[in-house]
Amino acid sequence: MALIYWCFSKRDGLIISFGYVFSFSINQFIKNIVCMPRPWLLDSRLHVDPIAKSGATGFSFPSGHTVSAASIFGGTAVYQRKRKWLVACCSVITLLTAFSRNWLGCHTLKDVVVALIIAAFTLSIMNVLLIWFSKHQEKDFLICLIVCILNILILVFLQFKPYSVEDVYPLITDCYSSSGMVLGLMIGWLLERRFVHFSMEVPLKNKILRALIGSALIGLMYFGGNLAFAFMGDHFSHLVKYFVIFFVVTFLYPLIFTKIEGKKNAD
């Protein structure tokens, strides 16, 4: 998503990012409302792959991995639909991801099917909102404010709602991750619109540098964030980590490379 945003199409990169973040957030909200245990907890005859089990965090329904793949690769397929080979690749990756969650024992069929529906629904809504926003671009601050407030209220609701399980703490960590994504994306999007306006009209070497340095930066934030924010505890460390990642990707890094590229052009 970041590479598309920095190097190919700011619009498509943002749409795919919004589709992913809001699909994932809706998915987490439903997970923590339904509170469906994992398949191997419901039926002792079922077994989960030991390696896959470590990534099967939170409740079971719907599938977080599936909704992520469907929104990212599905969004790419929608906005690159003229490239039939790319659409085919993205579709296969999405379906293989959904199948793998069943095969590994992490989810049931209904978990992945509903996740696919959530991703498709979110991408459709994003397309409608894009059309509306193209006519009301002056409302960007209001949109950002409303979404951020709703996001915080939902997080507070999920934090304090009663759960039927005893140790709910590790099961709602992903809610903090999704909250950080929403806040980082929305605030970064607004600030980039207001103060940066970075351009794709740059030489190929600039785009390559954007991609290489930016990829290293994301890797550093993703893996280093676990150590840097560990003192905050699992919940707030995830919230801050993902806020920083999406804020840097959408605003801070574009601000930096725009300043550097502008200075080189001036020289």
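A crossing is called right-handed if the near helix is turned clockwise from the far one by less than a right angle, and left-handed if anticlockwise. Helices here are DSSP runs (H or I, at least four residues), numbered from the N terminus. The model is predicted, so local features need pLDDT of at least 70 and side-chain atom pairs pLDDT 80 or more, while totals for chains, interfaces and linings use all residues. Residues are numbered from 1 along each chain as its sequence is written, and side-chain values use heavy atoms, without hydrogens and water.

H6 (residues 84-103) passes H7 (residues 109-133) in a right-handed crossing. Their axes (lines fitted to C-alpha atoms over the stretch in contact) are 8 Å apart, at an angle of about 155° between N-to-C directions on a scale of 0 to 180 degrees. H6 is therefore roughly antiparallel to H7 (over 145 degrees). With contact taken as heavy atoms within 4.5 Å, Thr94, Ala98, Arg101 and Asn102 of H6 meet Leu109, Val112 and Leu116 of H7.

The whole structure holds 15 aromatic pairs, meaning Phe, Tyr or Trp rings (six-membered ring for Trp) with centres within 6.5 Å; planes under 30 degrees apart are stacked, over 60 edge-to-face, the rest tilted. Two of them are listed.

| Pair | Centre to centre | Plane angle | Class |
|---|---|---|---|
| Trp6 and Tyr253 | 4.7 Å | 70° | edge-to-face |
| Phe59 and Tyr163 | 6.2 Å | 10° | stacked |

Trp6 lies in H1 and Tyr253 in H11, so their pair ties together parts 247 residues apart in sequence. Trp6 is buried (under 20% relative accessible area) at 1%, and Tyr253 is buried at 6%. Phe59 and Tyr163 are also buried.

Note on methods
Helix = DSSP H or I, 4+ residues; strand = E, 2+ residues; numbered from the N terminus. Parallel < 35°, antiparallel > 145°, perpendicular 65-115°, else oblique. Buried < 20%, exposed > 50% of the residue type's maximum accessible area, 1.4 Å probe, protein only.
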